[in-house]
Amino acid sequence: MAIVVLKLPNVKRKREERPKQCRYCEGETFQRWGNVNKPVKDIWVRNVKVYRYRCCRCKRSFRYYPEGNTKADQTERLRLFAVLLWRLGLSHRASSLILSGWKVRVSFMTIWRDVQAEAQMIKKRNHWKPVRVLGLDGAHVLGWGEKRSVLVAVDLGTGEPIALGYVNEYDPQAVRRWLAPLVQRHGITVIVTDDLASYKIVAEKLQLAHQVCQFHVRRWIGKTLQHLQETIPKEWLWVLEEIRKLLDLLPPDASKTLYALWKLLPGRRSKRNQARLALEQLRNLLLRLSQDWPRFCAFQSEPQVPWTNNSTEQVIGRMKMRTRTVRGYKSWSGMQSGLLLAGTYTT
Ligand SMILES: [Zn+2]
């Protein structure tokens with residue numbers, strides 16, 4: 001269950017103090033110009049008193065709403081409460097039904113619009129936010145096609161999503177096109193990803209420091225080592241032990257050791273159309289680890305870089321709770337807003 005941190009705003013029935021400044025000019029003195037009882041949609045308040053003021057300078061008049069109210073029918077509190085229900089996993093219709101328990105009639109379309117508006121506010125808030133370390137991961141959603149994934153970018157300083165892209169994460173060109181403006185705008189210097197080849201290419205092209213999530217690395221290397229344990233000639237088993245030791249300690253300069261081990265192993269003997277021999281697989285593993293090693297250890301030299309991409313996966317987990325709903329949205333921009341809101345921890 002996602003934890004949503006949300007403080008509902010106050011709603012006042014009336015506002016005694018006068019406006020400080022005119023909405024249209026610099027004017028600072030006003031005449032009261034009547035009042036209305038405005039019915040509102042809220043959990044506790046049924047109507048509020050709204051004074052009208054006339055500016056003594058420009059002679060225009062305007063409504064001056066009490067705290068927590070706007071020209072909309074719903075109070076700010078109700079709007080955020082509806083959004084909260086949605087974020088807790090209820091459908092638009094169920095949220096609407098729950099509100100009817102407070103004798104508040106809000107249509108599910110209104111709640112949909114509330115959700116969209118809230119997402120817009122989050123987007124605006126995040127637009128120029130400085131982000132040093134960015135987590136990236138593809139969220140694969142059932143029914144959205146094999147290769148198409150939603151690329152999720154998370155500020156690892158706060159654990160909040162800052163952008164979503166409808167981008168194939170296996171295509172380095174596409175990822176780069178999408179990421180470059182974000183890097184510029186937020187001042188990103190480090191990315192944390194799984195060990196997909198496309199991220200390595202993108203990190204190099206955009207000159208970003210790169211940490212590869214150690215959970216991912218350990219999973220696939222662990223499997224590979226297990227397999228090799230049973231297949232390589234016994235006299236080479238000690239090499240597997242060396243690799244395991246290095247992975248435990250993650251010494252930053254292990255590239256050289258791994259490269260030396262690679263040189264020690266006999267070269268390719270299988271023919272082109274033959275399956276690779278176990279020893280050749282080990283040799284490939286050594287070369288790959290030697291090349292990628294600095295990406296395993298970036299967190300040791302870069303401050304505040306986590307060694308896993310766990311925060312990004314948590315954001316995706318929160319989004320997945322809502323993908324069934326969001327899949328029904330007609331436009332990508334609607335889906336994006338829904339997912340962004342679902343993935344955000346606070347408002
Ligand atoms: Zn004025």
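1. Zinc site, spacing of donors. In this predicted model, the donors of the zinc ion are arranged along the chain with the spacing C-x2-C-x29-C-x2-C. The residues concerned are Cys-22, Cys-25, Cys-55 and Cys-58, each of which coordinates the zinc ion through its SG atom, at 2.3 to 2.4 Å. Within this set, Cys-25 and Cys-55 link distant parts of the chain, being 30 residues apart. Cys-25 belongs to the segment before strand E1 (30–39), whereas Cys-55 belongs to strand E2 (residues 47–55). Both Cys-25 and Cys-55 are buried.

2. Zinc site, geometry. The angles among the 4 donor atoms run from 106 to 115°, and the site of the zinc ion is tetrahedral.

3. Aromatic pairs. The model holds 10 aromatic pairs. One of them joins Phe-81 and Trp-102 in an edge-to-face arrangement, with 5.4 Å from centre to centre and 90° between the planes. This pair also links distant parts of the chain, as Phe-81 lies in helix H1 (residues 76–87) and Trp-102 in the loop between helix H2 (92–100) and helix H3 (108–126), 21 residues apart. The two partners are assigned to separate accessibility classes: Phe-81 counts as buried because its relative accessibility is 13%, while Trp-102, at 34%, counts as partly exposed.

4. A stacked tryptophan pair. Trp-236 and Trp-238 form a stacked pair because their planes stand at 25°, with the ring centres 6.5 Å apart. Trp-236 has a relative accessible area of 16% and is therefore buried. Trp-238 has a relative accessible area of 40% and is therefore partly exposed.

5. An aromatic cluster. Tyr-24, Phe-30, Tyr-53, Phe-62 and Tyr-64 are joined into a cluster by ring pairs.

6. Charges over rings. Two arginine residues deserve mention here. Arg-93 lies over the face of Phe-108, 3.9 Å from the ring centre. The charged end of Arg-322 is placed over the ring of Trp-86, at 4.3 Å from its centre.

7. Gln-211. This glutamine is part of strand E8 (residues 209–212). Its relative accessibility is 0%, so Gln-211 counts as buried. A polar atom of the Gln-211 side chain lies 2.8 Å from the backbone nitrogen of Phe-299. Setting aside residues up to four places away in sequence, Gln-211 touches several stretches of the chain: Ile-191, Val-192 and Thr-193; Arg-295, Phe-296, Cys-297, Ala-298 and Phe-299; and Val-305, Pro-306 and Trp-307.

8. Asn-126. This asparagine is located in helix H3. With a relative accessibility of 4%, Asn-126 counts as buried, because the limit for that class is under 20%. A polar atom of the Asn-126 side chain is 3.3 Å from the backbone oxygen of Pro-161. Apart from neighbours within four places in sequence, the contacts of Asn-126 are Pro-161, Ile-162 and His-186.

9. Positive phi values. Where do residues other than glycine take a positive phi value? Gln-207 has phi near 50°, and Leu-250 has phi near 45°. Gln-207 is placed in the loop between helix H5 (197–205) and E8. Leu-250 is placed in the loop between helix H7 (237–249) and helix H8 (254–264). Is each of them buried or exposed? Gln-207 counts as exposed because its relative accessibility is 74%. Leu-250 counts as buried because its relative accessibility is 4%.

10. Gly-101. This glycine occurs in the loop between H2 and H3, the loop that also holds Trp-102. The relative accessibility of Gly-101 is 61%, so Gly-101 counts as exposed. Computed along the sequence, how many residues separate Gly-101 from Ile-43? They are 58 residues apart in sequence, and their C-alpha atoms are 9.5 Å apart in space.

Key:
Residues are numbered from 1 along each chain as its sequence is written. This is a predicted model: local features need pLDDT of at least 70, side-chain atom pairs count only at pLDDT 80 or more; totals for chains, interfaces and linings use all residues. Side-chain values use heavy atoms; hydrogens and water are left out. Donors are N, O and S atoms within 2.8 Å of the metal (3.2 Å for Na, K and Ca); water is not among the atoms, so sites may look incomplete. Four donors count as tetrahedral if all angles lie between 85 and 135 degrees; four count as square planar and six as octahedral if opposite donors are over 155 degrees apart and all others between 65 and 115; anything else is irregular. Helices (H or I, at least four residues) and strands (E, at least two) are DSSP runs, numbered from the N terminus. Buried means under 20% relative accessible area, exposed over 50%, partly exposed in between (1.4 Å probe, protein chains only). A polar contact is a pair of N or O atoms within 3.5 Å; within protein, one must be able to donate a hydrogen and the other to accept it, and residues adjacent in sequence count only if both atoms are side-chain atoms. Contact means heavy atoms within 4.5 Å. Rings of Phe, Tyr and Trp (its six-membered ring) pair if their centres lie within 6.5 Å; planes under 30 degrees apart count as stacked, over 60 as edge-to-face and the rest as tilted. A charge sits over a ring if NZ of Lys or CZ of Arg is within 6 Å of the ring centre and within 35 degrees of the ring normal.
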